[in-house]
Amino acid sequence: MMFRREPVPLVRRDGAFWLQSPQGPWLRTNASSFAIWECLDYPVTADRIAWRLASEFEVDIAAAVSAVGICLEEFSRLDLIRPVDAQDVNPARDSYFRLLKQNIAGLHEVADTLRLEHLVNRTAGIDRELREYLCNIRYLQPDEFQSSRDRRRVGTFRPQAFTDHLGDGSYSPSMAGLQRLENIERLAEIVFREDIPGDFLEAGTCRGGCGMLMRALQVQFGQAHRRVWLADSFDGLPVSSAGPDVDSRLDMSRDVYPELAAGVDLVLDNFRDYDLLDENVIMLEGLFADTLPEVDTGPLAILRLDADLYGSTMDVLENLYDKVVPGGFVIIDDYAALAVCARAVDEFRARRGISAPLRQIDQHAVWWRTTA
């Protein structure tokens, strides 16, 4: 059964949120009951709320199920929620409006707002002119604004982007850019339409944006039984050790590019913020050479590599390529951006006799489809 909250008054008072029941009395919510309330923006099952609660408050799922049950019973008693018939549920529409509202309200740019406030507070001469400039920078620097927006359509090129455009896109859930995200969507649609078996795996997930889209697609297309695997050190790229990486003098380690080091808690929070975190989102934390030989993912329908380095790219291909099912897809994020990545891919394909054509996504990324 699904439930949805009623449009009742909500106020913040004395450090807590208060809900007014249609019956008249006000209900004070604590952190967990308000988290449950937020989940009820659109029709949702008690089980899905419980998984979010378990993750957010770090409790076991049994305790979360119990807490959700008690809270929903209280909400129902006060006429704060109502059951919803399945025919009235439109997941795609509901998710769209949820994200639209959250973005309009600025719930997904809180960190950026804090960065801006931190910058202002640390800038000498904090005056009205500076504050007004920062608020209206889109219109005062229209060329730079458009240039940055365009770069986000095709992804942030690394490592040059961090030198030429410090931080451009590096704080967003994904630096992949719009076209690479659309590629994931199109390939996933083919997987679902043709009933190609297997999970999705991204090796090199950074802040988790591409994985978030993968999970959203699975959920919205009724494929939530599939899993999304996210493999990453969650501590940035390793220091170059493979010969081609050392020869290229390419150092993308945390000491040089801290923007590429996203902790596992940050990725989990990004999934949670978009209501995409559940038991089928699986983190593989550690270097590829350590984690991938040991993990049993089962068959994969989509394997996406954002590994950057020769050694890391080869580690992924050698350990996971044979798990990609016939008709599945391999996506290489950095093929045309980093020569060492392209070298690893080309050498692996030649050694394995892979003749499937590389198809371009944008100026950086490519994909191919596996054959029997």
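Predicted model: local features only at pLDDT ≥ 70, side-chain atom pairs only at ≥ 80, totals over all residues.
Colleague: What makes β1 and β5 a pair?

Modeller: Two strands pair if there are at least two bridges between them. Strand β1 (residues 2–5) and β5 have two bridges, in the antiparallel sense, so they count as a pair. Met2 has Thr45 of β5 as its bridge partner.

Colleague: And how do you know that β2 and β3 pair?

Modeller: With at least two bridges needed, the four bridges between β2 (residues 10–13) and β3 (residues 16–20) are enough, and the strands run antiparallel. Val11 is bridged to Trp18 in β3. Two residues sit between the strands of this hairpin, where Asp14 has a positive phi near 55°.

Colleague: Why are β5 and β6 said to stand at the edges of their sheet?

Modeller: That sheet is open, with three strands in the order β5-β1-β6 and antiparallel pairing. β5 (44–45) and β6 (81–84) each have a single partner strand, so one side of each has no neighbour in the sheet.

Colleague: Moving on to the second largest pocket, what makes a residue part of its lining?

Modeller: An atom within 4 Å of a pocket point puts a residue in the lining. The pocket holds about 650 Å³ of space. It is lined by 24 residues, and the closest to its centre are Phe34, Glu38, Arg52, Gln102 and Leu107. Two or more lining residues come from each of α1 (31–39), α2 (46–57), α4 (91–104) and α13 (264–273). α1 gives the most, with six residues.

Colleague: How many of the lining residues are nonpolar, polar and charged?

Modeller: The lining divides into 11 nonpolar, two polar and 11 charged residues.

Methods
Residues numbered from 1 in each chain as written. Heavy atoms only, no water. 1 Å grid on protein atoms, 1.4 Å probe; cavity = no way out; pocket = protein on both sides within 12 Å on 5 of 7 lines; lining within 4 Å. Points joined across faces, edges and corners; volume = space filled by probe spheres on them. Nonpolar A, V, L, I, M, F, W, Y, C, P; charged D, E, K, R; others polar.
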